[in-house]
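Have a go at each one before you read its solution.

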Amino acid sequence: MTTTLFVLVLFSAVLHAGWNALVKVGGDALVRLATINLTVALLGLLALPFVPLPPPTSWPYIGASLALHIAYYVLLARGYQLGDLSLVYPVARGLAPLWVTLGAWFSAGERPDALGFAAIALLSLSVLTLARGAGRGLPVALACGLTIAAYSVADGLGSRAAGEALYGYIAWLFVLDALPVTLLAAARRRGLFLQTLRRGWHAGLLAGVCCALAYGIVIWAMAQAPLGYVSALRETSVVFAAWIGTRLLGEPFAGRRLLSAAGIVGGALLLHFAG
């Protein structure tokens, strides 16, 4: 993993924690996710005339990713209804690196070296130590983590299948991914959805730009580096989410979370030097 890629994925982690915080504080989580996805879709539409159409081999991965993202959005919205950002978010992200590593091993033949395994294990265990106290949101957050791992593998393989049409893959994914959650929010929360579009579009626009940049960087990175490494480094976002939750949202903070954050940072540094 090159230094440039390492820094970009860390930047993606910051953006990801930021837009999730906006979902948490933005009222109805499903409605906020829909407004964010509309922004992402608009960005994808603007890019479509300038990017190549993905090859047929990559479309099954786009389809799989879309289906998995629907489950992810529903579970994420439910999780934020039940628990704190600084607990639900880390749990949802914590299992993903291990599952992604296993998925990449079996589907793409990517086997990390000993240092890589140690880094991924340290990152995941440090993240999961934050799970205690997640309460009713814990089962939902764990299920959400499985969907994260599954769509990460799908998009990692899809980005590679797209080849030179990588940016076309990203743009079409952004456009199509917005439809299900937007239609769901419009059907279930029609009045609130329209009200949020009128009054809260500023926050939706900001969160949408962060979301598009965050996942666009990750899809690009997974085409360049092992999926497990990218996924593990991406989950350093839990440090930023914990900071936002405790410092800006007034959620409780404990020494255990500090220890977890130290383990996450240590795992990220190990990952940078893994082969």
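**Exercise 1.** Does phenylalanine 106 count as buried or exposed?

*Solution.* Keep in mind that this is a predicted model. Step one: take the relative accessibility of phenylalanine 106, which is 72%. Step two: the cut-off for exposed is over 50%, so phenylalanine 106 counts as exposed. Tryptophan 105, at 31% relative accessibility, counts as partly exposed.

**Exercise 2.** How many aromatic pairs does a search of the whole structure find? Work out the geometry of two of them.

*Solution.* The search turns up six aromatic pairs. For tryptophan 105 and phenylalanine 106, the ring centres sit 6.3 Å apart and the planes are at 20°, so this pair is stacked. Next, take tyrosine 151 and tyrosine 215: their centres are 5.7 Å apart with 85° between the planes, an edge-to-face pair. Tyrosine 151 belongs to helix H7 (residues 137–162) and tyrosine 215 to helix H10 (residues 201–222), so the pair links distant parts of the chain, 64 residues apart. Tyrosine 151 is buried, at a relative accessible area of 3%, and tyrosine 215 is buried too, at 8%. Ring pairs also join Tyr72, Tyr73, Tyr151 and Tyr215 into a cluster.

**Exercise 3.** At what angle do helix H5 and H7 pack?

*Solution.* Helix H5 (residues 96–108) packs against H7 at about 40°, with the axes 8 Å apart. That angle makes H5 oblique to H7. Their crossing is right-handed. Among the residues that meet are Trp99 and Val100 in H5, and Leu146 and Arg160 in H7. Sorted by type, the contact residues are 10 nonpolar, four polar and one charged.

Conventions:
Residues numbered from 1 in each chain as written. Predicted model: local features only at pLDDT ≥ 70, side-chain atom pairs only at ≥ 80, totals over all residues. Heavy atoms only, no water. Phe/Tyr/Trp six-rings, centres within 6.5 Å; stacked < 30°, edge-to-face > 60°. Buried < 20%, exposed > 50% of the residue type's maximum accessible area, 1.4 Å probe, protein only. Helix = DSSP H or I, 4+ residues; strand = E, 2+ residues; numbered from the N terminus. Axes fitted to C-alpha atoms, helices over the stretch in contact; angles between N-to-C directions. Parallel < 35°, antiparallel > 145°, perpendicular 65-115°, else oblique. Left-handed = near helix turned anticlockwise from the far one by under 90°. Contact = heavy atoms within 4.5 Å. Nonpolar A, V, L, I, M, F, W, Y, C, P; charged D, E, K, R; others polar.
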